[in-house]
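Hi,

Here is the structure I promised to pass on. Have a look at it first, and my notes follow below.

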Amino acid sequence: MPMPHPTWFHPLAADIVRAAAPDLPRRFTFPFHYTPHPLCKVAAARVRQEVEGSAAMAADAREGKMFGVLIVEVPAPEAGCGEIGFLAAYSAQLAGRYSWPWFVPPVFDMLHPEGHYMAEERRISHLTQRIVEMETSGAWYRLKADVDAMRKADEERLEALRRQMALAKSRRDERRRNATPEELERISALLTRESQRQRADYRRLKRTLAEARQPHEEALAEQGRRHRMLREERQRRSLALQRWIFSRSTVSNALGERTTLSEIFHPALPPAGTGECCGPKLLECAYRHGWRPLCMAEFWMGRSPAEELRVDGRYYPACRSKCRPVLQFMLRGLDVEPNPVVERNRRMAGQMRIVYADGDIAVVDKPSGMLSVPGNDEVPSVRDEVRRRLPQAEGPMMVHRLDMDTSGLMVVALHMRAYHALQRQFETHTVAKRYEALVDGHVEGEGDIALPLAPDVDDRPRQKVSVAHGHRALTHYRATDHPQPGVTRLLLWPQTGRTHQLRVHCAHPQGLGCAIIGDALYGRAATRLMLHAAEIAFLHPDGKHQMHFVVPSGFR
């Protein structure tokens, strides 16, 4: 008699599996760039139903949460295809819980019977409570206000005395200038003693005021020292608890190998939250039960965070900072799809066109899907291709970049003198650039978008809008026409050169709220990103000729 499956295994109906059978994936999903398999979409719909059926889970999910599904095959006792079903997971906590019966368990159970996590978490919470009590204590604020008032009053008294001393000095100087030689000899010692007496009075007053303040300042310093010690102890305990969790968070791969998150990231400390994303949780659960992973997808539910761009129901790649090192280990032994970005980049290299070249510069028309500079995958880039076609090129060459998925004009320096001359123009924003784009939505008129941008350190290369940490980013736009309903053709003039600036400014609700078509990071995927650097103008490095190039996008 077969053993019952755990509550987090969800079989797929036989008719759904039969319909998908001809297209069952032969290779496992490349998790950082993929199109979700139809079975993943079926599973995702089931996840949404389950979440919306629970008031607690639904309320939390509406605030925004990443979910994931993994299609697995349970081996049959006899030869042949076993039962196919799916596992579901959510990132971090859902409605305050790391574990719900319908979803796979966490990689590391925070509520493990060992009890160390809960005990240490209580200590950290107690420290946080004491810190908050100090920070909100009326006594501390009154003491600080009293010290500030004393310092201000003391400084006003000293400043008044300094003004009196300055006025007295002016009078002494005038007496010296107007005195006869005989009179100057008689009054010189007297004026000097007056100056010395006033300086001594100033020093005595300053010392007296400081001594009166000292008990209050020492009390305030002691409060500050206690506050600092509490914060340092909380930080130390939090860091130690993270290390403890990561040293006990064990993950597996298809080869049967096991390791800890600490060992994967050694010697660095894993980023906070590592192992709590959907991908590692799903794969670890499948490996522990001996189920064969077939394909995987992650999708967003609920509203978008204030600083990020997430769309309800849209599928997203696994994050890179936390998940990439972990998944690289966990995918060993699986036949994984090749990275489509690498394959496409190899194809695109041959399509790059040199629009203009002389002994100093080259201007190229980069195809969408080609890197501007070499990456980690040893595939051709614009720099490599220019160097191959123009062997005389030397130096850094690349004075600016286009996103891999953006097509259009780039200027390349062929030697160091040209590189520095062009670099100065980009730094001073004297290079004029115009882009063409098709966006997913209706836009009218023209205007400016000013949203500060910062890297999303947990999910590079994504960028986010951040008033606190972002850099100034300004874009001028103009809507020209609507080639089809719900689509707008835009002309874009970036006044600054931030990473993904045009993509975020178009997609963000505080910008145009209309993502560029084909933008898989901030909108919806398509055959390509409909963004093209159509025009560029700059001064030739010789300082004599104004260069101007136009290559229309051809978007329809």
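Let me begin with Met397, which is buried at a relative accessible area of 0% (buried means under 20% relative accessible area, exposed over 50%, partly exposed in between, with a 1.4 Å probe and protein chains only). Met397 has a positive phi of about 70° without being a glycine, and its place is the loop between helix H11 (382-389) and strand E10 (407-413). Helices (H or I, at least four residues) and strands (E, at least two) are DSSP runs, numbered from the N terminus.

Before going on, please keep in mind that this is a predicted model, in which local features need pLDDT of at least 70, side-chain atom pairs count only at pLDDT 80 or more, and totals for chains, interfaces and linings use all residues. Residues are numbered from 1 along each chain as its sequence is written, and side-chain values use heavy atoms, with hydrogens and water left out.

The peptide bond from His266 to Pro267 is cis, with omega near 10°, and Pro267 belongs to the loop between H7 and H8. As background, most residues other than glycine have a negative phi, and most peptide bonds are trans.

The largest nonpolar core has 49 residues, and the members touching the most others are Val382, Val386, Val443, Leu490, Leu492, Ile516 and Leu531. Such a core is a set of buried Ala, Val, Leu, Ile, Met, Phe, Trp, Tyr and Cys residues joined through side-chain atoms within 4.5 Å. Leaving out residues up to four places away in sequence, Ile516 touches Ala437, Leu438, Val439, Leu502, Arg503, Cys506, Leu529, Met530 and Leu531 (contact means heavy atoms within 4.5 Å). Apart from this core lies another of 34 residues, including Phe246, Tyr287, Leu327 and Phe329.

Which residues of helix H9 (residues 323-330) are buried? They are Cys323, Val326, Leu327, Phe329 and Met330. These residues lie on the same side of H9, because they cover an arc of only 155° around the axis, taken from the directions from the helix axis to the C-beta atoms. They pack against strand E4 (250-252), strand E5 (258-260), helix H7 (261-265) and helix H8 (278-289).

On a 1 Å grid over the protein atoms alone, a cavity is a set of points where a 1.4 Å probe fits but cannot get out, and a pocket is an open set with protein on both sides within 12 Å along at least five of seven lines; lining residues have an atom within 4 Å of a point. The lining of the largest cavity is Thr29, Pro31, Tyr34, Met296, Ala297, Glu298, Tyr316 and Ala318, and E6 gives the most to it, with three residues.

The second largest pocket has a volume of about 440 Å³, where volume is the space filled by probe spheres set on the points, joined across faces, edges and corners. Its lining has 21 residues, of which Ser91, Cys277, Arg310, Cys319 and Lys322 are the closest to its centre.

Happy browsing!
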